[in-house]
Amino acid sequence: MSVVLVSVSCTRQPASALPSGLIELSEWGIESIPDHLPAGEVRVDVHNDGALRHELLIVLTQMSVDELPLEGELVDVTRIDGHLVTEFEELLPKSHVMVTVTVEPGPHVLFCNIVGHYSAGMRGVLAGDG
Ligand SMILES: [Cu+2]
């Protein structure tokens with residue numbers, strides 16, 4: 001006999017009803033980012049349209065995306081004055097992932113933290129409204 005546990009919560013919207021946004025990466029940039037997303041749970045569709053593996057980090061911070069602290073050719077996330085909202089570590093070429101992210105009110109920076117990719121231009125910003 002198998003038992004199936006189903007959890008239902010009235011306070012959570014079904015995933016399909018959440019606001020959503022598309023983020024597209026390729027060499028060497030984050031080509032598409034929503035300018036604004038509402039604070040709270042958002043469905044984010046992250047596409048890697050490039051020929052290389054990429055990452056995507058989303059950090060809530062007031063720092064300028066062009067002046068993030070570097071350690072060699074990597075962004076030193078521990079020295080960013082803010083906090084990590086989410087991280088996608090293995091975005092394989094020509095793949096995409098759809099995940100639920102909790103956007104916070106305020107400015108967010110986005111970047112790829114594979115060696116040299118931030119410096120090559122893989123960075124951008126989005127605002128969390130709310
Ligand atoms: Cu990259």
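**Briefing: fold and the setting of Phe-111**

Residues 24 or more positions apart account for 66% of the chain's contacts that have a separation of 6 or more, a contact being two residues whose C-beta atoms, placed from the backbone, lie within 7 Å. The structure is a predicted model, in which local features need pLDDT of at least 70, side-chain atom pairs count only at pLDDT 80 or more, and totals for chains, interfaces and linings use all residues. Residues are numbered from 1 along each chain as its sequence is written.

**Overall architecture**
- The chain contains 1 helix and 11 strands; helices (H or I, at least four residues) and strands (E, at least two) are DSSP runs, numbered from the N terminus.
- Along the sequence, these elements follow the pattern β-β-β-β-β-β-β-β-β-β-α-β.
- Of the 130 residues in the chain, 24% are buried, that is, 20 or more other C-beta atoms lie within 10 Å of their own, with C-beta atoms placed from the backbone.

**The open sheet**
- An open sheet of mixed pairing is formed by 4 strands in the order E2-E1-E4-E9; two strands pair if DSSP finds at least two bridges between them.
- Its edge strands, E2 (29-32) and E9 (95-103), each pair on one side only.
- Strand E1 (residues 20-26) runs antiparallel to E2 and is joined to E2 by 3 bridges.
- Leu-25 stands opposite Ile-30 in E2.

**Phe-111**
- Phe-111 lies in strand E10 (residues 106-111).
- Phe-111 counts as buried because it has 23 C-beta neighbours inside 10 Å.
- Not counting residues up to four places away in sequence, Phe-111 touches Leu-57, Val-65, Val-75, Tyr-118, Met-122 and Arg-123.
- The C-alpha atoms of Phe-111 and Gly-121 are 8.5 Å apart, and the two residues are 10 residues apart in sequence.

Key: Buried ≥ 20, exposed ≤ 12 C-beta atoms within 10 Å, placed from the backbone.
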